[in-house]
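The entries follow the order in which I looked things up.

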Amino acid sequence: MLENNNFDEVVMKRHTAREFDPEITISKGELLQIITYATKAPSALNMQPTRFVVAQNNAAKEKIASVAGTNAPEILSASAVVLVGGELDLGPFEDDLFKRAATAGLLTDRAVEHQKPMIDHLVADFKQDKQALREFIIQNSSLAAMSLMLAARAYGYETGPMTGFDHEKILPALDLDPAHFMPTLLIAIGKPKNAPDSLYRIPASKVTVFK
């Protein structure tokens, strides 16, 4: 249930949790609500390549922990661990996306006349340039991941994002098809066992240049 809709509280008091209360569970329905917020993140040409794999049971979390090394404690204690990544084969998915938009009555003339040719061109380029595809997925899924972490906090949870895991080994560990899924990062979600550390942040004035 949404607990905090105060933007300042959600953003300014968000901290990374290192250990969670293992007795706390999060329902599938609530996790889907949180992920729904994440799906509203900006997506280039509205292509929406981001995918989410949610591990809730201990067996799945142990498999993730086995390829995450020192990050294992927060993974095993979390209520859920979300592997955020992206779809690698965007051609068939693009066709399905336009069909779904049409069925929902949300396929605009602009999308057909302007976006679709651009998407077709981009998908063709991705078949030749795998690095460009990887960067595209990283950019899109990272925006969604941040939205997910803020949504989780609004629902009363804290998160712990992690990149230090074996991106190749996690695919067979979770029975994911390497031809379709590219992992970006892991996000542990739950109620923190202890108050997360408040870390110093460089003031905006020190990291911003106005032209």
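How many bridges join strand 1 to strand 2, and do they run parallel or antiparallel? I found 6 bridges between strand 1 (residues 50-55) and strand 2, and the two run antiparallel; strands here are DSSP runs (E, at least two residues) and helices are too (H or I, at least four), numbered from the N terminus, and two strands pair if DSSP finds at least two bridges between them.

I noted that this is a predicted model, in which local features need pLDDT of at least 70 and side-chain atom pairs count only at pLDDT 80 or more, while totals for chains, interfaces and linings use all residues. Residues are numbered from 1 along each chain as its sequence is written, and side-chain values use heavy atoms, with hydrogens and water left out.

On looking up strand 4 (residues 181-190), I found it paired with strand 2 in the antiparallel sense over 8 bridges, with Leu-83 standing opposite Leu-186 of strand 4. I then checked the cover of strand 2 (residues 80-87), where 8 of 8 residues are buried (under 20% relative accessible area, 1.4 Å probe, protein chains only).

Turning to the helices, I read an angle of about 165 degrees between helix 5 (residues 90-103) and helix 6 (residues 109-128), whose axes, lines fitted to C-alpha atoms over the stretch in contact, lie 10 Å apart. The two are therefore roughly antiparallel (over 145 degrees, on a scale of 0 to 180 between N-to-C directions).

Terms used: Buried < 20%, exposed > 50% of the residue type's maximum accessible area, 1.4 Å probe, protein only. Parallel < 35°, antiparallel > 145°, perpendicular 65-115°, else oblique.
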